[in-house]
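Hi,

Here is the structure I promised to pass on. Have a look at it first, and then read my notes below.

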Amino acid sequence: MAENGASLPWPVLRQLLGRDLLGRGKAARSRRTDEVEPRTSTADRVAHSVCPYCAVGCGQNIFVKDEKIVQIEGNPDSPVNRGRLCPKGSASKNLVTSELRETKVRYRRPYGTEWEDLDLDTAMEMVVDRVLQTRRDTWQELDEKGRRVRRTMGIASLGGATLDNEENYLIKKLFTAMGAIQVENQARI
Ligand code: SF4
């Protein structure tokens with residue numbers, strides 16, 4: 001038997017007879033443990049982002065291999081979470097990799113009871129038509145006291161928590177440029 005009990009088959013024996021009495025080191029390791037390679041070690045690169053799920057704003061490291069996300073972990077350099085993520089943030093890889101994710105445009109007509117698939121070009125044209133018409137109909141140059149506001153109260157954006165940090169950044173830019181001032185996200189509600 002090795003001096004530290006490393007050759008014993010059962011973790012509890014390794015813990016009691018070796019030097020790892022608290023069972024937080026070698027006693028808890030097996031050959032299988034030693035053979036496992038973390039996905040983070042095989043990534044090509046690491047991108048930094050912010051967890052989109054809530055207003056805490058934990059920093060994330062996004063591990064990418066062959067341009068696909070292989071793991072998301074807390075960023076130890078973030079002063080907000082110092083490397084930690086809650087269960088929601090830890091599961092955020094599924095936001096982009098889950099097979100359950102919708103990849104087609106779904107549309108339900110006014111008074112419709114069923115969802116329809118739309119092709120992206122048709123959907124984009126419909127959105128553009130409605131945005132331009134609403135902006136035209138509701139544009140306010142001045143408020144009731146004569147102050148210049150140059151805004152529309154007819155358009156609002158409510159983002160979902162599954163939008164990522166970069167998407168939220170672009171949405172805020174776009175809506176503000178259009179004159180909308182009601183821009184909000186579920187994470188802040
Ligand atoms: S959902 Fe969790 S990991 Fe994401 S920002 Fe909030 S506390 Fe952090």
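Before the notes, one definition: helices and strands here are DSSP runs, a helix having at least four residues and a strand at least two, and they are numbered from the N terminus. Also keep in mind that this is a predicted model.

Asp-66 is not a glycine, yet it has a positive phi of about 50°. Its relative accessibility is 58%, so Asp-66 counts as exposed.

Arg-82 shows a positive phi as well, about 45°, and is not a glycine either. You'll find Arg-82 in the loop between β3 and α3, with α3 covering residues 87-90. Arg-82 is exposed because its relative accessible area is 61%, and the cut-off for exposed is over 50%.

Now go to strand β2, residues 59-65, which is where Gln-60 sits. Is Gln-60 buried or exposed? Its relative accessibility is 3%, so Gln-60 counts as buried, since buried means under 20%. What does the side chain of Gln-60 contact? There is a polar contact of 3.0 Å between the side chain of Gln-60 and that of Ser-92.

**A nonpolar patch on the surface**

On the surface, look for the nonpolar patch formed by Trp-10, Val-12, Leu-16 and Leu-17. Together these residues have about 450 Å² of accessible area. Leu-16, one of them, belongs to helix α1, which spans residues 11-17. With 58% relative accessibility, Leu-16 counts as exposed.

**Salt bridges**

How many salt bridges does the structure hold? There are eight. As background, side chains of opposite charge can pair when their charged atoms come close. Here are some of the pairs to look up:

- Arg-29 and Asp-34 form a salt bridge, with 2.6 Å between the closest N and O atoms. The side chains of Asp-34 and Arg-29 are also joined by a polar contact of 2.6 Å. Asp-34 lies in helix α2, residues 31-35. Arg-29 is partly exposed, at a relative accessible area of 40%, whereas Asp-34 counts as exposed at 52% relative accessibility.
- Glu-141 and Arg-148 meet through their side chains in a salt bridge of 3.4 Å, N to O. Glu-141 counts as partly exposed at 32% relative accessibility, while Arg-148 counts as exposed at 61%.

Some of the salt bridges share partners, and these join Glu-102, Arg-106 and Asp-117 into one network. Within it, Arg-106 forms a salt bridge with Glu-102, and the closest N and O atoms are 3.8 Å apart. A relative accessibility of 36% makes Arg-106 partly exposed, and one of 53% makes Glu-102 exposed.

Cheers

Technical notes
Residues numbered from 1 in each chain as written. Predicted model: local features only at pLDDT ≥ 70, side-chain atom pairs only at ≥ 80, totals over all residues. Heavy atoms only, no water. Patch = residues over 30% accessible without salt bridge, like charges linked within 9 Å, V, L, I, M, F, W, Y side chains within 5 Å. Areas by Shrake-Rupley, 256 points an atom, 1.4 Å probe, with all protein chains shown as cover. Salt bridge = Lys/Arg side-chain N within 4 Å of Asp/Glu carboxyl O. Buried < 20%, exposed > 50% of the residue type's maximum accessible area, 1.4 Å probe, protein only. Polar contact = N/O pair within 3.5 Å; in protein donor to acceptor, adjacent residues only side chain to side chain.
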